[in-house]
Amino acid sequence: MSRAANLSTKIMTIALCGFLALSATSCAKSVNPETGYKTGISDPIEPFNRGIFAFNNIVDIVLIEPVAKIYNAIFPSFVRDGVQNFMRNLRSPIIIGNQLLQGDLKGAGVATARLIINTTAGIGGLVDVASSQGLVYEPEDFGQTLAVWGVGDGFYLVLPIVGPSSLRDTGGMVVDGVADPLRLLAHNTDNMWWYYTRLGVEGLDTRARLVKAVEDLRANSLDYYAAVRSAYSQKRYSLIRDERAGDSASIPDYGN
Amino acid sequence: MRFHLIVAACAFILFASPVAFAAKTDGTPAAQFVQKMGDKALTSLTDRQLADGVRATRVRSLLRENFDVQTIGRFVMGPSWKKATPAQKSQYMSLFEDMIVATYTKRFAEYSGQSFKVTGSTATGETDSLVKSQILQKDGPPVMVDWRVRNKDGGFKVVDVVVESISMTMTQRDDFAGVISSKGIDGLIDVLRQRAGKVAKK
């Protein structure tokens, strides 16, 4: 068991080094001078990505989306909010760690205060009491940390089931997973099922909240793949900068 | 002592006032414009009894009144705009507008009690402001929607809608770019026309 764990850690480390080396050497996203938006993430393996995307889309339509809709229909919103709050609270160690690595002491302070307040007054994290005190949830991950450190996207990468990502963000996800104290706890107590259940619930919560948005994009895009890639790249950009995207972009005045 | 208090009070007002103004921006003309447009959309477009044709007509007039469709359409087509013939441009623009009208007609037909609140605005350039708003849902957390508003020819027009940090025009531009690169401008026009036909039949 421990030898296997050791080996898998080694493999992950090697894989991660590869990821980072590749991300760092591939060109960073450039700002479109016309729009101010970070223009499309590069997608050199588009045919491959489109294949995985098509597969994901089928799995989503036949399995994940129906489950998400049933979940939304069965549970009232206060229960679903409780689930989200609980899941977010479990993310706290990762968020605090990444805030610190990004040198965002204020963000780390907010995340720590949230953890303490929500775990106690918020009944083990089920209620987000901290939000109403102005301590708002801010998602952070190691992919964002790498970006803050100047690592580029690498390129667009669609992961099976998980969905849109980039070389950098995939590496970040692996690091977050490896470093997560809750995973280590689950691993050391032979309760990995608990950790996987948590990942599943987290995924379901995220997907269930996107039901309407995904329906919309599927119905209204001409090239669904391209639209999702664009949305992913914009969303990541705003998360990395800790801001709402519009702040740094503009639409040209054509003088019409 | 008293003098000190007055100085302190003046200093407080001097230094605090920019902050106070920044916080209380709901009153800017751009913000008022967005709030008015939102209120009008909610009162005139969401009635469930409304016939689809009537709703579509109202959406179109509200769109033309409040959005710079010409600028949005041109931006969405991307660099190909410069290569398009006048005939292609006018076909594209009319189909593009139809597409927006169809999308929003459907959206307002499915209205389920959301309300709309402007939360602030910031000037982002000489003519542009970013008006921030929230769509409050009965079920679930509020959706953040930012409106890029341009002050032009004495009136305001929306040039972009940014939902949860994702610009609708930018997403559509990237979406259309794929079609243009594989099928060309005429290909894009064909796809839009097919879309319009499909929507109309439903």
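## Helices α3 and α10 of chain A

In this predicted model, helix α3 (residues 77–90) of chain A and helix α10 (residues 192–209) of chain A have axes that come within 10 Å and cross at roughly 130°. The crossing in which α3(A) passes α10(A) is left-handed.

On the side of α3(A), the contact is made by A:Arg80, A:Val83, A:Gln84, A:Met87 and A:Leu90, and on the side of α10(A) by A:Arg198, A:Val201, A:Glu202, A:Asp205 and A:Ala208. Divided by class, the residues of this contact are five nonpolar, one polar and four charged. As a general point, an α-helix has 3.6 residues a turn, so residues three or four places apart point the same way.

## Helices α4 and α5 of chain A

Helix α4 (residues 92–101) of chain A packs with helix α5 (residues 105–120) of chain A at an angle of about 165°, their axes being 8 Å apart. The two helices, α4(A) and α5(A), are therefore roughly antiparallel to each other, and their crossing is left-handed.

From α4(A), the residues A:Ser92, A:Ile95, A:Ile96, A:Gln99 and A:Leu100 meet A:Gly107, A:Ala108, A:Ala111, A:Thr112, A:Arg114 and A:Leu115 in α5(A). By class, the contact of α4(A) with α5(A) comprises six nonpolar, four polar and one charged residues.

## Chain A as a whole, and its helix α8

Chain A holds 12 helices and two strands, and from the N terminus on its elements follow the order α-α-α-α-α-α-α-β-β-α-α-α-α-α. Of the 256 residues in chain A, 30% are buried. Where contacts in chain A join residues at least 6 apart in sequence, 67% of them are between residues at least 24 apart.

How far apart are the end C-alpha atoms of helix α8 (residues 167–179) of chain A? They are 19 Å apart, which agrees with the 18 Å that the 13 residues of this helix should span at 1.5 Å a residue. The buried residues of α8(A) are A:Leu167, A:Arg168, A:Asp169, A:Gly171, A:Gly172, A:Val175 and A:Asp176.

Chain B has six helices and five strands, arranged along the sequence in the pattern α-α-α-α-α-β-β-β-β-β-α. Buried residues account for 32% of the 202 residues of chain B, and among contacts in chain B with a separation of 6 or more, 50% come from residues 24 or more positions apart.

Within chain B, the axes of helix α2 (residues 29–45) and helix α3 (residues 52–66) come within 11 Å and cross at roughly 170°, which makes α2(B) roughly antiparallel to α3(B). In this pair, B:Met37, B:Lys40, B:Ala41, B:Ser44 and B:Leu45 of α2(B) meet B:Arg55, B:Arg58, B:Val59, B:Leu62 and B:Asn66 of α3(B). The contact of α2(B) with α3(B) has five nonpolar, two polar and three charged residues.

## Two positive phi values in chain B

Most residues other than glycine have a negative phi. Against that background, B:Asp153 has a phi near 50°, a positive value in a residue other than glycine, and B:Asp153 is placed in the loop between β3 (143–152) and β4 (155–163) of chain B. The phi of B:Ser165, near 75°, is likewise a positive value in a residue other than glycine, and B:Ser165 is in the loop between β4 and β5 (166–167) of chain B.

B:Ser165 is buried, with 20 other C-beta atoms within 10 Å, because burial is assigned at 20 or more.

## Where chain A meets chain B

Between the two chains, 25 residues of chain A are in contact with 31 residues of chain B. Helix α12 (residues 224–240) of chain A supplies eight residues, the largest share of the side of chain A that touches chain B. By class, the residues on that side of chain A divide into 10 nonpolar, 10 polar and five charged.

How values were computed:
Residues numbered from 1 in each chain as written. Chains lettered and ligands numbered in written order. Predicted model: local features only at pLDDT ≥ 70, side-chain atom pairs only at ≥ 80, totals over all residues. Contact = placed C-beta atoms within 7 Å. Helix = DSSP H or I, 4+ residues; strand = E, 2+ residues; numbered from the N terminus. Nonpolar A, V, L, I, M, F, W, Y, C, P; charged D, E, K, R; others polar. Axes fitted to C-alpha atoms, helices over the stretch in contact; angles between N-to-C directions. Left-handed = near helix turned anticlockwise from the far one by under 90°. Expected span 1.5 Å × (residues − 1). Buried ≥ 20, exposed ≤ 12 C-beta atoms within 10 Å, placed from the backbone. Parallel < 35°, antiparallel > 145°, perpendicular 65-115°, else oblique.
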